[in-house]
Amino acid sequence: MHHWRRDLVELAALFTAVAVADAVANLIGHGPDGPALLMISALTLAATAGFHTWWARRHVHAPPTGEAGDTGARPSASAHPAGPSAQEGPGALWRMRTTVRDEPGSLAALCTALATHRVDILSLQTHPLADGTVDEFLLRAPDSLAAAELTRVIAESGGSSTWIERADAHDLVDAPTRVLGLATRTALDAAELPLALRQLLGRCTIRSVPAGTGGEPVPAEGVLEDTVLRLRAPGGGVLSVERPYLPFTPTEFARARALVELDSRLGPRIPRAHDVLTLPEGNAITVRRVDTGDLDAARAMHERCSDRTLDLRYHGPVRDADRYLNHLLSPRFGRTLAAQTASGRVVGLGHLLWDGEETEVALLVEDDWQRRGVGAELLERLVRMAVEAGCASVYAVTRSANTGMVAAMRGLGLPLDYQVEEGTLVITARLAPARSRIAEKSDGEQLRL
């Protein structure tokens, strides 16, 4: 009914408008100035229509005159800044650990103090102790808030034994996800255990003491001694982890022990991938990971090497190659790459060895295959592995007469430091400039040795 009435009114208005227009046109058109008046009327109507359109758009896009509460809309951040922190950018990430009393409200008081200084708590882990609780935070704080000021805030709110350091985006991964990732890496490669422990526990020194060296035996459940963890090594002996700057908690001890037990149950293992390369002179070689299962092939290569080559590699004569090779080929101490011919003959060995907080690289190439690029190919892959493992630098211990090793280190194109002591040359390569370059190259490759 409503639509029928509206249509009838619109139709009547249309007929009325047509009748009025016809009457005006007859009246003006037959006059002496009729055409001119019609033209002026048309221009006036066009100008009026244009003005009306401009005025309507101006008021449609104008801000509302009432308060935000009048329409139910909330003011935007740009109209009402949130305060000084809104101008400070994304802020700084911090990892912080502090001990609080095991009492109701202790953690709440600490969180309230952080909120007062506009510090955002991104994650929280609790480590129960006998006489308190160690809380580990991942924080995002304003850039203007220094570490000393943040520590003072924690102390005033009841925290003690506070430790703090800068964090990065990798710390944003929650603890269970990170632990599962480390367990997966360890399950795939025995050489990952020291790296996994270091990523799990932070900056620490890891040493493997072989069995029968006179060290104190460790019970099956391991030993926790403040800043030192001692566990039974998977291959026998003792695995020692030291972190002098921060005591270990029982939770960290349990996680480390579970990771070592996983590695022990799985036994020796390495990825079996390989990479076929063509040397500049046209020969094809295969580069692959090796371990103690390749001891016979490595020993045969030693026997084909000259005394001078072995002397440059080991800084003296090698009387017991088995003792050296068992250690070097073991994935418990690092990673080893071998270069072999199409017939399976090993002609080069490259080692990446975990040495506490540092990483050593070493090369040995059979005499007949030297100066062909074998050492450079092995070294480039070892450095890439070190970058993927998060190492800050690698070093090589050699002699100044070993021009092949010196040239291979220079060929990396990385900043190098040289130290000479009693005829021994130590070359250290800093890996920071290589991270983006190696990452781009790794993205284009399907193989990871």
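Mentor: Start with Glu156, which counts as exposed because its relative accessibility is 60%, over the 50% cut-off. This is a predicted model, and every value here is computed from it. The side chain of Glu156 meets that of Arg152 in a salt bridge, with 2.5 Å from N to O. Both residues lie in helix 5 (residues 147-156); they are 4 residues apart, so about one helical turn separates them. Arg152 has a relative accessible area of 35% and is therefore partly exposed.

Salt bridges that share partners also build one network, made up of Arg95, Arg97, Glu136, Glu165, Arg203, Arg243 and Glu252. Glu252 and Arg97 are both buried.

Another salt bridge joins Arg101 and Glu103, where the closest N and O atoms are 3.4 Å apart. Arg101 counts as partly exposed because its relative accessibility is 47%. Glu103, with a relative accessible area of 45%, is partly exposed too.

As background, side chains of opposite charge can pair when their charged atoms come close. With a side-chain nitrogen of Lys or Arg required within 4 Å of a carboxyl oxygen of Asp or Glu, the count comes to 28 salt bridges.

Definitions and conventions
Residues numbered from 1 in each chain as written. Predicted model: local features only at pLDDT ≥ 70, side-chain atom pairs only at ≥ 80, totals over all residues. Heavy atoms only, no water. Buried < 20%, exposed > 50% of the residue type's maximum accessible area, 1.4 Å probe, protein only. Helix = DSSP H or I, 4+ residues; strand = E, 2+ residues; numbered from the N terminus.
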